[in-house]
Every structure is written in C-alpha cells, then in structure tokens.
Amino acid sequence: MTGGICNNVVSFGMITWLPTYFTKAKGLAIIQRIIPRQIIGAGTGIYNGMAMLIGGGAGPVLVGTIVSATGSYTSGIAALSGVLVVGAAAMLILGRQIRY
C-alpha cells in the first residue's frame with residue numbers, strides 16, 4: 001500500500017513540475033521580446049504577478065466552485081485541464097509568431 005501512495009505522490013510531483021520547468025523560460029523569452037527594453041523589468045514583474053494571481057488564485061476558486069456545484073472532483077479537474085490546453089495552445093502560437 002505504501003508503494004502505491006509513494007508512486008502517486010512522485011507521479012503527481014512530476015506532472016505538476018515538468019510543464020512549469022519547460023514553459024517558464026519560453027514565457028519569459030516571449031515577454032522580453034514583446035516588451036520595450038526601457039520597461040522590461042517592470043513588464044516581467046507584471047507578468048510574474050499576473051501569473052501568480054491567476055494561477056495561484058483563480059485556479060483553486062474555479063475548481064472549488066465547480067466541485068461545490070457538481071459534487072464531483074472530476075468536473076473540476078476537467079475544467080482545469082481545459083484551461084491548461086488553452087494556455088498551451090496560446091504559448092505554442094506566440095512562440096511560433098515571434099522571430100528572433
């Protein structure tokens with residue numbers, strides 16, 4: 001039983017860590033390419049602040065609202081997965097449109 005719990009924890013950690021690891025640098029590179037050089041520090045700070053506000057605040061509120069309404073975690077996680085797909089598509093489109 002303990003091995004199953006350990007595997008679940010490790011799997012969950014990898015699933016939550018890997019997307020952040022691979023997309024953070026690309027997101028910052030895109031921001032630094034879009035924002036003028038004179039305000040790049042402030043622009044990156046606003047980007048990080050908005051990412052924390054939306055990711056750290058809106059995600060739990062969204063899932064909690066859906067779970068309260070439906071009584072099932074499946075719907076909440078499905079909604080969160082949908083937001084993830086939209087974000088990944090936006091990053092893919094922006095990453096291909098910016099030329100260095």
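1. Order of elements. From the N terminus on, the elements of the protein run α-α-α. The protein has 3 helices and 0 strands, where helices (H or I, at least four residues) and strands (E, at least two) are DSSP runs numbered from the N terminus. The model is a predicted one, in which local features need pLDDT of at least 70 and side-chain atom pairs count only at pLDDT 80 or more, while totals for chains, interfaces and linings use all residues. Residues are numbered from 1 along each chain as its sequence is written, and side-chain values use heavy atoms, with hydrogens and water left out.

2. Burial and surface. Of the 100 residues of the protein, 12% count as buried; buried means under 20% relative accessible area, exposed over 50%, and partly exposed in between (1.4 Å probe, protein chains only). The protein exposes about 7,600 Å², of which carbon and sulfur atoms supply 72%. Accessible areas come from the Shrake-Rupley method with a 1.4 Å probe, and for residues only the protein chains shown count as cover.

3. Contacts along the chain. Among the contacts with a separation of 6 or more, 42% join residues 24 or more positions apart. Contact here means heavy atoms within 4.5 Å.

4. Geometry of α2. The 31 residues of α2 should span 45 Å at 1.5 Å a residue, and the end C-alpha atoms are 43 Å apart, which agrees. The expected span is 1.5 Å times one less than the number of residues in the helix. At A58, α2 bends by about 30 degrees, and a proline, P60, follows within four residues. The bend at a residue is the angle between axes fitted to the seven residues ending there and the seven starting there. Just after α2, G71 takes a positive phi of about 80 degrees.

5. Buried residues of α2. These are G43, T44, G59, V63, I66 and V67. T44, in helix α2 (residues 40-70), counts as buried because its relative accessibility is 15%. Leaving aside neighbours within four places in sequence, T44 is in contact with L28, I31, Q32 and I35.

6. V83 lies in helix α3 (residues 73-97) and is partly exposed, with a relative accessible area of 48%. The C-alpha atoms of V83 and G59 are separated by 9.1 Å, the two residues being 24 residues apart along the chain. L92 is also placed in helix α3 and is partly exposed at a relative accessible area of 44%. Between the C-alpha atoms of L92 and K26, 66 residues apart along the chain, the separation is 9.7 Å.
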